[in-house]
Amino acid sequence: MAMRDVPGQHRAKMLLQRAIRSGKVAHAYLFAGPPGSGKRAMAEALAQTLLCERQGDDACGECLSCRKVKHGNHPDWHTIVPDGAAVKIEQIRELQRDLSYRNAGAGRKVYRIEGAETMTVQAANSLLKFLEEPPSPVVAILIAPSAQSLLPTILSRTQLIPFVPGNPEEMEQALVAEGKPPLLARTAVHLAAGLEASRELVEQNWFAETRNVVIQLGKEMFSQFPGVLLTAQQQVFKTELSNYADTILQMFALWFRDMIYAMTGRHQKMVFSDQADWIAKHAWSRSIDAWVHAMETALTAARRIKAHVQPQLAMEQFLVNAREG
Ligand SMILES: [Zn+2]
């Protein structure tokens with residue numbers, strides 16, 4: 001994939017291409033940003049560009065070198081992924097051996113370390129020496145969710161390239177153009193940080209189910225209490241959807257936001273646009289402040305599940321708490 005084909009991330013592309021054009025490519029980059037925002041794809045695109053036989057500011061995608069990077073068999077392009085939960089020192093040592101051995105060929109080498117924030121202290125120290133005395137010309141690309149997640153010593157030796165969450169409208173258009181169902185595409189782009197992650201969501205079998213459950217619970221929660229608790233138990237916690245309670249809660253925040261969109265005349269922004277009639281009829285039953293409160297309650301419950309609170313407990317407390325507002 002060439003850099004021009006990585007969706008969004010205009011600033012990252014600009015920073016990298018400017019460095020390439022001015023011959024000031026850094027020895028080490030840190031690609032930092034939320035999961036699914038295109039960091040891995042951009043790393044491959046940068047490697048392809050740096051190794052491309054045509055030596056432009058983007059990969060040609062056609063030369064032998066570009067094709068080898070694409071197929072994962074270019075001898076000067078290496079990737080390390082965490083071995084289990086962490087990137088370990090043996091992996092860094094092996095990489096160093098590989099790079100110095102092959103450096104005899106003199107061409108440029110590029111490597112990528114995914115999950116750089118999981119490096120053990122020993123691995124980080126080993127990498128540090130390597131970053132200080134790179135067997136030039138080597139370009140390192142570290143990938144992590146944020147700059148803060150790396151040791152300061154590593155951080156100070158890399159150039160930060162920030163990745164931002166994708167623009168929802170652009171991602172939705174791209175997914176619909178690929179033939180994905182429009183309602184699911186619109187829902188997914190508000191739950192994932194990037195095109196790749198949104199596409200993965202849409203392609204999951206359970207995703208459409210969670211959306212249906214949110215619509216059902218959303219309609220019941222204010223009119224059929226405490227029956228809605230039973231619905232949650234049967235539709236969510238007695239099914240495989242129980243694994244996705246945090247996604248359901250994040251989707252609830254979008255449902256409540258649609259109420260506010262209905263009250264403020266922004267119907268075209270609705271995520272649950274297939275429920276626009278029901279929403280228009282019921283949105284005025286509460287104040288905007290109350291809907292904002294309900295959104296916050298849903299997002300708090302989703303965070304609690306990520307912090308390992310029992311999902312059913314978090315969901316039930318949400319269904320109780322969101323009623324007060
Ligand atoms: Zn090429």
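User: How many helices and strands does the chain have?

Analyst: The chain has 15 helices and five strands. Helices (H or I, at least four residues) and strands (E, at least two) are DSSP runs, numbered from the N terminus. The model is predicted, so local features need pLDDT of at least 70 and side-chain atom pairs count only at pLDDT 80 or more, while totals for chains, interfaces and linings use all residues. Residues are numbered from 1 along each chain as its sequence is written, and side-chain values use heavy atoms, with hydrogens and water left out.

User: What makes the cysteines around the zinc ion its donors, and which are they?

Analyst: Cys52, Cys60, Cys63 and Cys66 coordinate the zinc ion through their SG atoms at 2.3 to 2.4 Å. A donor is an N, O or S atom within 2.8 Å of the metal (3.2 Å for Na, K and Ca), and because water is not among the atoms, sites may look incomplete. The SG atoms therefore qualify as donors. Their residues follow the spacing C-x7-C-x2-C-x2-C in sequence.

User: Why is the arrangement around the zinc ion called tetrahedral?

Analyst: The four donor atoms subtend angles of 104 to 116°. Four donors count as tetrahedral if all angles lie between 85 and 135 degrees; four count as square planar and six as octahedral if opposite donors are over 155 degrees apart and all others between 65 and 115, and anything else is irregular.

User: Why does Gln275 count as buried?

Analyst: Buried means under 20% relative accessible area, exposed over 50%, and partly exposed in between (1.4 Å probe, protein chains only). Gln275 has 14% relative accessibility, so it counts as buried. Gln275 is placed in the loop between helix H12 (245-263) and helix H13 (276-282).

User: What is Gln275 in contact with, leaving aside its neighbours within four places in sequence?

Analyst: Gln275 contacts Ile215, Lys219 and Trp255, where contact means heavy atoms within 4.5 Å.

User: How do you know that the side chains of Gln275 and Asp274 form a polar contact?

Analyst: Their side chains are joined at 3.4 Å. A polar contact is a pair of N or O atoms within 3.5 Å; within protein, one must be able to donate a hydrogen and the other to accept it, and residues adjacent in sequence count only if both atoms are side-chain atoms. The pair is therefore listed as a polar contact.

User: Why is Ala85 called exposed, and why is Thr153 called partly exposed?

Analyst: Ala85, in the loop between strand S2 (77-80) and helix H4 (89-102), has 69% relative accessibility and so counts as exposed. Thr153, in helix H6 (residues 152-155), has 38% and so counts as partly exposed.

User: What makes the buried residues of H9 lie on the same side of the helix?

Analyst: In helix H9 (residues 195-203), Leu195, Ala197, Ser198, Leu201 and Val202 are buried. They cover an arc of only 165° around the axis, which puts them on the same side of H9. The arc is that of the directions from the helix axis to the C-beta atoms. Their cover includes helix H7 (168-177), helix H8 (182-189) and helix H10 (205-220).

User: Why is Ser198 called buried?

Analyst: Ser198 has a relative accessible area of 0%, so it is buried. Not counting residues up to four places away in sequence, Ser198 touches Met171, Leu175, Ala188, Val189 and Ala192.
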